[in-house]
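Dear colleague,

Here is the structure I said I would pass on, and my notes follow it. Please read them with the coordinates open.

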Amino acid sequence: LKPIRIDCAVSRLVMFNDVSISLPAKVRGPEAEEEWEEVDWVTWSTGSVTVETESFLILFKPAGGGNVKAKTLGNLVKATTVIQEDQDSKTLIVTTSESLHKTFRMTFSTGADTADFLELASRAEQAHAAASKMQDTHGVDPSSEAARLESSLRTKLADRWPLIFTGAELYGPDPHGEASTEVLLGRGAVVLLDPPETNKVGSYELLFYCEDEDSKPSQTFAISPEMSLTRQDDEEGEGLAASYILKGPSMSAAHSLCFEDGSIAGNFVRDFRVRSRLMDMSLKTVRGRAAAQDLRKDLESLKQRSLAAQAWTVIRLLLVVAILLVAARTAHLVSQDSGRPPLQYLVTIGQDIGSALHLSASATSAAGAKVCEVAFGTVDAGGLRQCSKEVSAQDMRQCIDSLVGYAPAMGW
């Protein structure tokens, strides 16, 4: 039996609590479906059963399972009541599209739950019959549907040169239930989109388009640094060629991508990891530049601190020298005349300091004048005033020539 096509519109979920599920002990596959009365059943577990009203997908979560994600039991195909004498039957033989265990024995806690489940099973059986009739009439098969979706997406995204991978299923958190419950979000194609041609790295995107709704993506993920794609082993025998878990720091929860064709899955993994590593390298480059900028700031700060420390060292040295000179001068004055009042010593030392500062200023001024004279050819103002006192013009000229360093070839 072929599972009915999945509608990407949000389906209503119907939950049944305290359901006991048993599996066939020996008989497997179609034999259990036709000869269930002769089958030995083994109790598997008790928990909650959830059915999507559009796709009729059955999810089972064991009671007390905590964060254990719900297991998919396939799409509901039909259900048969187990007749029990002298009591209302609450046990059903349920047939699904699950590849390993097509038949389950479910015992419900109330008669009302049993009736509601039988109603869903009747609708599912009618939907399967209609889908089979349409397939026989129109010859629609999954490969043609995938080709139609791929052609539509290539036309729609022609200016972005998309990479399209068909035959994919996307699983993720239940949008209307517990976050730990993983449900089928859609069946269709995964698309990798590169950013427009610019000088920047840009944003790489992973889009998922459903077969029933290709006008816009049902899910969009930005391929960010440190995003991972991990291969998931098919331990439950669901018949999928490849299954991967997609995680990322920008994602609210992990999602699962499953592919029917192993070669398509391999191409997707290759192209995805190229873009993921590019984003990782981009992040490392940005972090490296930021670290280099921080180091430059630290070096500038160290240089400024070093200059300030050197200046403070010189100032402290000058203060120590000044204190020693004042102490020496005070000792000298006391040795010459020890009977003077202390205030006079201070006055004398102050005069000495003033004289020393005056001499320093004069020496600095003279040195500056000499530097200017050598560098720019300037004339000392005091010498110029002395030359102006000469009486004769010849003496004044000779004086000026001596100031400017000019020696005429002939006397004047």
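Glu169 and Arg187 form a salt bridge, with their closest N and O atoms 3.3 Å apart; the term is used here for a side-chain nitrogen of Lys or Arg within 4 Å of a carboxyl oxygen of Asp or Glu. The two partners come from distant parts of the chain, Glu169 from strand 7 and Arg187 from strand 8, and are 18 residues apart. Glu169 counts as buried because its relative accessibility is 14%, and Arg187 is likewise buried, with a relative accessible area of 13%. By buried I mean under 20% relative accessible area, by exposed over 50%, and by partly exposed anything in between, with a 1.4 Å probe and protein chains only. Glu169 and Arg187 also belong to a network of salt bridges that links them with Glu211 and Glu260.

Before going further, please note that this is a predicted model, in which local features need pLDDT of at least 70 and side-chain atom pairs count only at pLDDT 80 or more, while totals for chains, interfaces and linings use all residues. Residues are numbered from 1 along each chain as its sequence is written, and side-chain values use heavy atoms, with hydrogens and water left out.

Asp194 is partly exposed, with a relative accessible area of 24%, whereas Arg275 is buried, at 12%. Glu226 pairs with Arg287, with the closest N and O atoms 3.8 Å apart. Because Glu226 lies in the loop between strand 10 (219–222) and strand 11 (228–232) and Arg287 lies in helix 4, the pair ties together parts that are 61 residues apart in sequence. Glu226 is exposed, with a relative accessible area of 51%, and Arg287 also counts as exposed at 51% relative accessibility.

Glu226 has a further feature, namely a phi near 65°, a positive value in a residue other than glycine. Phe56, in the loop between strand 2 (41–52) and strand 3, has a positive phi too, near 60°, but Phe56 counts as buried, with a relative accessibility of 4%. For context, most residues other than glycine have a negative phi.

Turning to the overall architecture, the protein has 7 helices and 13 strands; helices (H or I, at least four residues) and strands (E, at least two) are DSSP runs, numbered from the N terminus. Of its 412 residues, 33% count as buried. Among contacts with a separation of 6 or more, 51% are between residues 24 or more positions apart, where contact means heavy atoms within 4.5 Å. The accessible surface comes to about 25,200 Å², of which 56% belongs to carbon and sulfur atoms, as computed by the Shrake-Rupley method with a 1.4 Å probe, only the protein chains shown counting as cover for residues.

The largest nonpolar core has 32 residues, and those with the most contacts inside it are Val190, Leu206, Ile223, Leu246, Phe259, Phe268 and Phe272. Such a core is a set of buried Ala, Val, Leu, Ile, Met, Phe, Trp, Tyr and Cys residues joined through side-chain atoms within 4.5 Å. The elements that give two or more residues to this core include strand 7 (163–173), strand 8 (182–193), strand 9 (205–210) and helix 4 (262–336). A second, separate core of 22 residues includes Leu23, Ile58, Leu76 and Ala121.

The buried residues of helix 4 include Phe268, Phe272, Arg275 and Leu333. Ile315, also found in helix 4, counts as partly exposed because its relative accessibility is 42%. Together with Trp312 and Leu319, Ile315 forms a nonpolar patch on the surface, with about 310 Å² of accessible area; patches of this kind are made of residues with over 30% relative accessible area and no salt bridge, like charges being joined within 9 Å and nonpolar side chains (Val, Leu, Ile, Met, Phe, Trp, Tyr) within 5 Å.

With best regards
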